Amino acid sequence: MVDFLAENNLCGQALLRLSEFIPAVFRLKDKSDQQKYGDIICDFSYFKGPEYYDSKLEAKPDLQDLDDEFRENNLEILSRFYLAFESVHKYIVDLIRYLDDLYEGVYIQQTLETVLLNEDGKQLLCEALYLYGVMLLVIDQKMEGEVRERMLVSYYRYSAARSSADSNLDDICKLLRSTGYSSQSGAKRPANYPESYFQRVPISSTFISMVIGRLRSDDIYNQVSAYPLPEHRSTALANQAAMLYVCLYFIPSILQTQQAKMREIVDKYFPDNWVISVYMGITVNLVEAWEPYKAAKIALNYTLDSANIREQASRYSVSMEGLRPQIQQLLKEGFLREEIVLDNVPKLLNCLRDCNVSIRWLMLHTADSAYDPNNKRLRQIKDQVINDSKYNPKILFQVLLDTAQFEFTLKEMFKKMLSEKQLKWESYRTEGSERMTELAEVFSGVKPLTRVEKNENLQAWFREISKQIESLNYEDSTAAGRKTVQLIQALVEVQEFHQLESNLQVCQFLADTRKFLHQMIRTINIKEEVLITMQIVGDLSYAWQIIDSFTSIMQESIRVNPSMVTKLRATFLKLASALDLPLLRINQANSPDLLSVSQFYSGELVTYVRKVLQIIPESMFTSLAKIIKLQIHAIMEVPTRLDKDKLKDYAQLGARYEVDPKQLLEDGIRKELVRRVAYALHKGLIFNPKAKTSELMPKLKEMAATMDGFYRSFEYIQDYVSIYGLKIWQEEVSRIINYNVEQECNSFLRTKIQDWQSVYQSTHIPIPKFPAVDESATFIGRLCREILRITDPKATCYMDQLNTWYDLKTHQEVTNNRLFSEIQDTLGTFGLNGLDRLLCFMMVKELQNFLSVFQKTILRDKAMVDVFKAMLSAVNPVKGIVANASKGYANAVAKTQKIWGPYLESIMKVGQMQILRQQIANELNYSCKFDSKHLAAALENLNKSLLADIEAHYQDPSLPYPKEDNNLLYEITASLEAAGIHNPLNKIYITTKRLPYFPIVNFLFIIAQLPKLQYSKNQGMTCRKATDPVDWSPLVLGLLTLLKQFHSRYTEQFLALIGQFIRSIMEQCTSQKIPDMPSDVVGALMFLEDYVRYTKLPRKVAEAHVPSFIFDEFRTVL
């Protein structure tokens, strides 16, 4: 039984936790999702013909690829859901097995009847059935039937579980198939719901009827003792009523036909209430729930009679009016003193009961979630309740606050009194005994007390009383209490009979002793039962969800009066007591899940507390917005040196004012900062691609001013709030940018990083997601694509010496390297770094596309392959000269002309991205050296020493080298890239296989482009015609990057072919006595020059293929 109990709690909480992580794609709400995934996400119709669906997939390679990607991304979360579903099924199977074992006499002395006679057994069996029902209802409420089916089918298709013999996937599918129920407002309830759902796994009808019998007749939790008043009975039995409500669905015949039983149930549990909390704040309105059941509906008629509704609502209205001033009086400073509390325990507890019962009834019966706005009868009932009870949410909330505060104060006092109970009792006893001893001495005549005659009788009597007081025993409280009362009586009598009133000092001694004896009686009566009663009465678990409707009132109260936070603390602590309910049994079962379940509910509560208290940073940021406005527009930046007479101008005293944000919570501040900065970045970086002049620079400047305003204002308030402003700023802005980069890069990944897997996303300080405005998912993608658009090699020409892009048609400057300084000012190092990372992903995608085109189109075109073969035989040996060179090369280029268009586009795109990466690296390196020169120097030295060590290791393997599990190289690379100490051209972006004809294809490609270019002394290689654009730098860098991805012998062969081309054409010119160097040769030589320059290789690499005299002549041309 214990294991089975632990199990139930696990799956219950797992369901609530998991319901927040359902991948949106399984809902298939968007048209785009339906079109993309419609063929690979199926409901249970899949099981009717799996072959049909599988053959449909096999017929389309694209679909197969999408299916594989979908599996990689979702299998982990699907497995988690399946485990939760499986545990629900296992739970009910375990319960049925336990009942069978009871029936068959496995537990020798126990039967179902004896277990139900045992108090714990009765509670556990009732809970077992109730929790199973709750789990089924929660699954249907939190996870729509269609979504469940799609997830189960996907799990079935993707996992290996279906092939194992012990898999119970079929049974789970039968239990959790769609019921047709929808939690959407206004959705129609399916026929026979939920009873048909509850009957999917048959449970012993004897067991169910015995459980319902117990729930009907017994007070299984002995709650009535905590609520002695008869009008509080329905509240006392509220938890049991919820259990009965759920369990009745297992025998719907009672709801349907058995009027006498239903009448009894309603009279006992629902005579004055019709909205109940089923489990942790899930509310149900019986009017709607029992509408389809004849007997239940008739039984409920009296409760729902408008006269009864009026009577109940008016009763609670009057109750609230009386309780509010009473509780405020009790909360006045200094009113709740120890003696008042001890003398009035029953009165105070009655007040608490009345408050909690009234709050409960009004909260539940006015909750929006309990009434379907589309149901006319429910609307009428709700309106009547609100009118007759004179319901005012602010007053109700105020009473809840005061009650929680009162409860908290009382509990704390009682806890303190309980802990000090024995010490105080013993100190009172000692005091009383000493007083009596002193009086005995007074009557001995020895003690000098004025005008007291010696009286040996009284002396002996007081001595005896002192001994009697001393002999009182704390452990035997009943006897001690009786004896104390007798001693008080004796002290009263001695004063009367011996005429001791005349002596005031003696009277005072006697009065003090009586007071101490009274205190002893009071103290001995401090019982833990009072705390237990307060705990039961103060239960707020029914409001676990409803409380959210009071959030706006709480926030408004805090905004108006910040000290309200202390009262709210008591309310949150009262709400926290709701956690006892789900944790009690897990704790009793010593389950290891205690921690995870308590963390889940505590996390939910903490999230809610954060939500309420978020008003503090929101108010602060409203003030901050005004400061930002002043900082950007009104207040000038003070220069570092300033003339004394100008100081007053810069002070601008009129424009400055102070902000006094008290008790601001750091997390709340972070959350609000993240929300505002993320929104500013989202809104500020949206570009219009059709704009005549690019909006990039103006928008970046505007964004930089906004970010600087945020930064300076944050710096301004940090001292008032006592937070590390710069630290928070850097951490949160870097998190926003890194998260957006991660989301943008997801589109290039097969295995996507979900929000719950992201190291940058947080549940407490979430980074908001905004809907996409174009093909980019985030602002960083829009920024990157806008930069790529305005520096497109088809429309611009890049001048390497000037680091500037010019428009091909107008020859106007488009942008230059200032762009990257501007991005640095706007988004900081993180932004540039993120942009760099995104460009890497784009480059990888471009290179992969290029390779697939090369393999699928170029190498499969027989005519092309024949040209390559013929060319290879013509150029062999590469060290020689090609006969009739001009014609041979021209023919080969002409025959392959059709493939160069897409080839050129891909190469130039890669080259363009490499230029951007170089510019980013330069900017990062410059700012790193400028802002943190020590870091830059340390990184450069570490990098050099590491490279030296690695080179030494390869020359002598006995020398050390970082092991595989050592992250040093990986971590240092990230730091070097962030500081711009790297060369993007040396990177390997993709893994490649050997490709036939690769050098000859690239050689033909480059000589096919040379006629489109011309050399000018001022500008280097430029495009001949704007209508046939080729940009030299992207062309060279793109080709260089492509060759870098392959084995170095391909590059050697490629360079050898260019060298042969130069030699052959020059030979032909010499033989034909043409004096000028042909432009194609100039272009080829320029390519070799630039190749050597970009790769930082020695000159001899080029001179190995071209004689040095040709280079000399080439320089005279330059």
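Ser747 counts as partly exposed because its relative accessibility is 47%; with a 1.4 Å probe and protein chains only, buried means under 20% relative accessible area, exposed over 50%, and partly exposed in between. You'll find Ser747 in the loop between helix 34 (725–745) and helix 35 (779–790). Helices here are DSSP runs of H or I with at least four residues, strands are runs of E with at least two, and both are numbered from the N terminus. A polar atom of the Ser747 side chain sits 2.9 Å from the backbone oxygen of Glu744. That pair is a polar contact in the sense of N or O atoms within 3.5 Å; within protein, one atom must be able to donate a hydrogen and the other to accept it, and residues adjacent in sequence count only if both atoms are side-chain atoms. Further along the chain, Phe841 is 94 residues away from Ser747, yet their C-alpha atoms are separated by 9.5 Å.

A word on what you're looking at: this is a predicted model, where local features need pLDDT of at least 70 and side-chain atom pairs count only at pLDDT 80 or more, while totals for chains, interfaces and linings use all residues. Residues are numbered from 1 along each chain as its sequence is written, and side-chain values use heavy atoms, with hydrogens and water left out.

Now step back to the whole chain. It has 47 helices and 7 strands. Its radius of gyration is 42 Å, well over the 32 Å that the globule rule gives for 1118 residues, so the chain is more spread out than a compact globule. For that comparison, the radius is taken over C-alpha atoms, and the rule is 2.2 Å times the number of residues to the power 0.38. Along the principal axes, the C-alpha atoms fill a box of roughly 155 × 85 × 65 Å.

Even so, 50% of the 1118 residues are buried. Taking contact to mean heavy atoms within 4.5 Å, residues 24 or more positions apart account for 78% of the contacts with a separation of 6 or more.

Asn74, in helix 4 (residues 61–104), counts as buried because its relative accessibility is 5%. Leaving aside residues up to four places away in sequence, Asn74 touches Pro23 and Gln754. Tyr601 belongs to helix 29 (residues 594–613) and, at 1% relative accessibility, counts as buried.

Most residues other than glycine have a negative phi, and most peptide bonds are trans. Against that background, Tyr193 and Pro194 are joined by a cis peptide bond with omega about 5°; Pro194 is in the loop between helix 8 (169–176) and helix 9 (195–198). Another cis bond joins Asn876 and Pro877, with omega about -10°, and Pro877 falls in the loop between helix 37 (862–875) and helix 38 (885–895).

As for positive phi, Met280 has a value near 45° and lies in the loop between strand 1 (275–279) and strand 2 (282–285). Met280 counts as buried, at 4% relative accessibility. Asn803 isn't a glycine either, and its phi is about 55°. It lies in the loop between strand 3 (796–799) and strand 4 (804–807), where a relative accessibility of 22% makes Asn803 partly exposed.
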